[in-house]
Amino acid sequence: MAKVQSFMRSLTQGRQLVIGVPYLWFAILTAIPLLIVLKISLSEMEATSVSDMIDWTNGWPTVKLNFASYLFLSSDTLYFQTYLSSLKYAVITTVICLAIGYPFAYFMARSPKHLQPMLLMMIMLPFWTSFLLRIYAWKTLLVSNGVINNVLLSLGIIKSPLLMMNNSFSLLVGMVYSYLPFMILPLYANLSKLDLRYLEAAADLGTSPFKAFWLITVPLSKAGIIAGSMLVFIPAVGEYVIPELLGGPDTLMIGRVLWDEFFSNNDWPMASSVAVVMILLILLPMALFNKYQAEQSEVKV
Amino acid sequence: MIKLFSRSWMIAVYIFLYLPIVTLVVFSFNNSSLVTVWSHASLRWYTVLANDADLIAAVGLSLKIAFLSALMSVFFGTFTAFALNRYRRFRGRTLLASMASTPLVMPDVIVGLSLLLMLVSMQHWLGFPERGLFTILLGHALLGTAYATVVVTSRLREMDGKLDEAAMDLGCQPFQVFRLVTLPLLVPALVSAFLLTFTLSFDDVVLSSFLSGPGYSTLPMVVFSRARLGLNPTINAVATVTITVVTIAVVASSFYQSHMERKRKRDIALAYSDKNQ
Amino acid sequence: MATGPKVANTREDLLRVEGLTKIYDGAVKAVDNVSLTVATGEIFALLGGSGCGKSTLLRMLAGFETPTKGKIFLADEDITNLPPYKRPINMMFQSYALFPHLSVWENIAFGLRRDHVPNDQIKERVESMLSLVQLGKYAQRKPHQLSGGQQQRVALARSLAKRPKLLLLDEPLGALDKKLRETTQLELVNIIEEVGVTCVLVTHDQEEAMTMASRIAVMSEGYFLQVGAPDEVYEMPNSRQVADFIGNVNMFDGVVEVDEPDHVTVRCDECVHYVGHGISGNKGMSVGVALRPEKILLSKERPQGEFNWCEGEVVEIVYFGDHTTYHLKLPNGKVIKAQEINNTRDLSCGLTWGDRAYARWNDLAMVVVTQ
């Protein structure tokens, strides 16, 4: 029996270690930092540091909650507009990615089997090269004296340079460009698994190919559409680098506001409260997505 | 007709994806100091790059951080994947799972800000760590752990749990099972997790900007600060070098993979051709 | 129970299971108070449909599941709480679970290495195992370079290499196609008998259980319905469920009319059964009469006497090659099946769809099951 007990002990010790290590790691690096952000968002800036939430001056601790940042956030319409415009750009990016990516993934899934790995690799390859450098490349293409304008001017197609830079056009090009693979990959994974016999059955029952596409292929790829849209939408909302490099003064994005509050204005409580609201903004679609997934798995059971 | 349409659609998308990359590479061989106006081919910007001490120091720092953070990511990611997949029910499993996916869904700016604020309060109470290499490393390792967890998890899921039982049945103690069966079978997943997290770290600009201290600039930070100011031909040269390295690595690894796949198929064919057994 | 003398009758019983119970999530009884003994050298089959608890029982024997209640003894030693790697029991897994990263040789040597057997002995043992399963020339191949049948034999060799006291087989032939099964079945039994190892095997395939096992336990919903030799379970099922589960059966419901020590009669709606032996029941009791299709003879002529026949219409003829099954619709609407051996090349009986036919059977053909 002693052997058994020592075995059980070593097993639970191993188990505690395997669970404990990642727990500690993530608690220190995600949970606690997010709580600190929440705490600081409820403080105010005092000269160079943040006010303490717990005040000891009376000899006993009193908790001071300061909603100044949140009040300012809700009173200044600029912030509200920025949130709205972040959502707007994220939604537009998602829709464009879907419009380009769905036909692409569909055609890719229908192309000859031996070509598909190569086509797939060519979608992934840009992903392995630096994101920053690829965004920078768009800058060289889109500026007024950039490559595209130079080519069009020298061909005589346009008389004066097109304004394609530092506006919503350049921002959307950059966002669609960066996130398109995230839309294509789940869609392709889904569409390539689609059993072609469904379409044959539909044709056999007298459905035209176009109708069969809408009645069968699209509904069956719903999971891929949703997954792809989430993968595009969520990072797009909080994007900082693309608006910074390709956006202009009119393309408000919340990531940039947070950055500026922190690095330019040095206002930590403000940056923190912007972050807290941003988290709430992302949690909503996440919750909807999780609910959808839970429902799906229930249906399967 | 449909075929023509689908072909041109695919070609258009590939052009869209590769146009910026090709432009970067082509104009890196441009002699003009105007990035977008072609004069004639030269290696001028490569010599400038070779003498740019800032950039070269940044490359060194980035490589160092990417290597170390990838190691840490794979280590902690394996732990996390095991905790989440091999111990199905424990208290706080949902909490661990959501903490592990937080860096994946939260924008970089939030991850960077929250980590920085945590490190600042830690420094306030404990006196360490100074901002610099270690803090950047921590941020990258956090992000990498989240990704490595996903990669290792997907491998663990498709691994036959019966193999662990078979090992135990033949006399393996729990840790021996891990060392002799699970780990060797995980190696391909660990390698791809390492490559992925290495790339993520080498590419990151937002977390590094939040977490670095004076004197610690990673390559993306340098590139970013120069790109913000305007166009700079040395960036094209940097881009070309990294693109070349990455392309060779990716193409080589995919060739290796397809070679292994063909070998496996041959082996299977061999097995079933033995009709004498 | 555990207080019984430890010396007597120990040479025969290798495995003894007492009141074993496994409850999942505090509610689902996967295994319900099962007791059994397996003698040395026996091949014991656990037979049942999916979810009957046979796999859970096997996994408790191997040590992968902890019993909620009950004890497991191996050679009179209590192994209930021993971890799997300390039990002198080895298992051949369903779909084999061969280590994909190790060669055939290393797969077989795996268990021996864990016991720190000296290298020269490992070599000797592995080679004898390889020759036992006739895979000598495949020693250096990886599992995926082998066909299904070869993999199965590697799995067997691996589980025998440590010379376990008890060998567990989990659906040993489940992953093979039908043709290969028959030859492999016999081969497997031959090897097991050659080695002389005691076996507990789990299967959902009654044919597999019948051909391989010396005793079968029919399991359902966590407990044993019947335990016995294959012919016993087939010819003398103790309940409707067993009769139904093993092979095809025609069930008649009826009431005992005459209850004598040497015979009984059972009046059913369709006919009157005259059973040529006594049963443990009494007059007026409702019973079921189980009659296997192959024990029924069909003819166009009306049989003599008043017992053990009925009349019906042929509604379906299913040709299997070696035999043909006729579906006979009785006047009350019940359909019974009768199997005729095709021992000549012209189709026997001369019956066709819609014919009137008489089914008859002798007085030892059926089994009376009390509910």
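How many helices and strands does chain A have? In this predicted model, the count for chain A comes to 13 helices and four strands. Chain A runs to 301 residues, and 39% of them count as buried. Sequence separation tells a bit more about how chain A is put together. Taking the contacts in chain A between residues at least 6 apart in sequence, 69% join residues at least 24 apart.

One helix pair in chain A is worth a look up close. Two packed helices are described by the angle between their axes and the distance between the axes. For helix α8 (residues 196-204) of chain A and helix α9 (residues 209-220) of chain A, the angle is about 135 degrees and the axes sit 10 Å apart. Angles over 145 degrees would count as roughly antiparallel and those from 65 to 115 as roughly perpendicular, so α8(A) ends up oblique to α9(A). The crossing of α8(A) past α9(A) is right-handed. On the α8(A) side, the residues involved are A:Y198, A:L199, A:A202 and A:A203, and they meet A:A212, A:L215 and A:I216 in α9(A). Sorted by class, this contact has seven nonpolar residues, with no polar and no charged ones.

Moving on to how chain A meets its neighbour, 66 residues of chain A are in contact with 61 residues of chain B. On the chain B side, the elements that give two or more residues are α1 (2-28), α3 (53-86), α4 (93-105), α5 (108-126), α6 (133-158), α8 (174-203), α10 (219-229) and α11 (233-273) of chain B. The largest share of that side belongs to α1(B), which puts in twelve residues. As for residue classes, the side of chain B that touches chain A is made up of 46 nonpolar, twelve polar and three charged residues.

Chain C brings in the question of domains. The assignment divides chain C into domain 1, covering 13-240, and domain 2, covering 248-369. Between the C-alpha centres of domain 1 and domain 2 of chain C there is a distance of 39 Å. Where these two domains of chain C touch, domain 1 gives five residues and domain 2 gives five residues. What classes of residue make up the side of domain 1 of chain C that touches domain 2 of chain C? That side of domain 1 has two nonpolar residues, two polar residues and one charged residue.

Definitions and conventions. Residues are numbered from 1 along each chain as its sequence is written. Chains are lettered from A and ligands numbered from 1 in the order in which they are written. This is a predicted model: local features need pLDDT of at least 70, side-chain atom pairs count only at pLDDT 80 or more; totals for chains, interfaces and linings use all residues. Two residues are in contact if their C-beta atoms, placed from the backbone, lie within 7 Å. Ala, Val, Leu, Ile, Met, Phe, Trp, Tyr, Cys and Pro count as nonpolar, Asp, Glu, Lys and Arg as charged, and the others, Gly among them, as polar. Axes are lines fitted to C-alpha atoms, for helices over the stretch in contact, and angles run from 0 to 180 degrees between N-to-C directions. Angles under 35 degrees count as roughly parallel, over 145 as roughly antiparallel, 65 to 115 as roughly perpendicular and the rest as oblique. A crossing is left-handed if the near helix is turned anticlockwise from the far one by less than a right angle, and right-handed if clockwise. Domain bounds come from an automatic or database domain assignment. A residue is buried if 20 or more other C-beta atoms lie within 10 Å of its own, exposed if 12 or fewer, and partly exposed in between; C-beta atoms are placed from the backbone.
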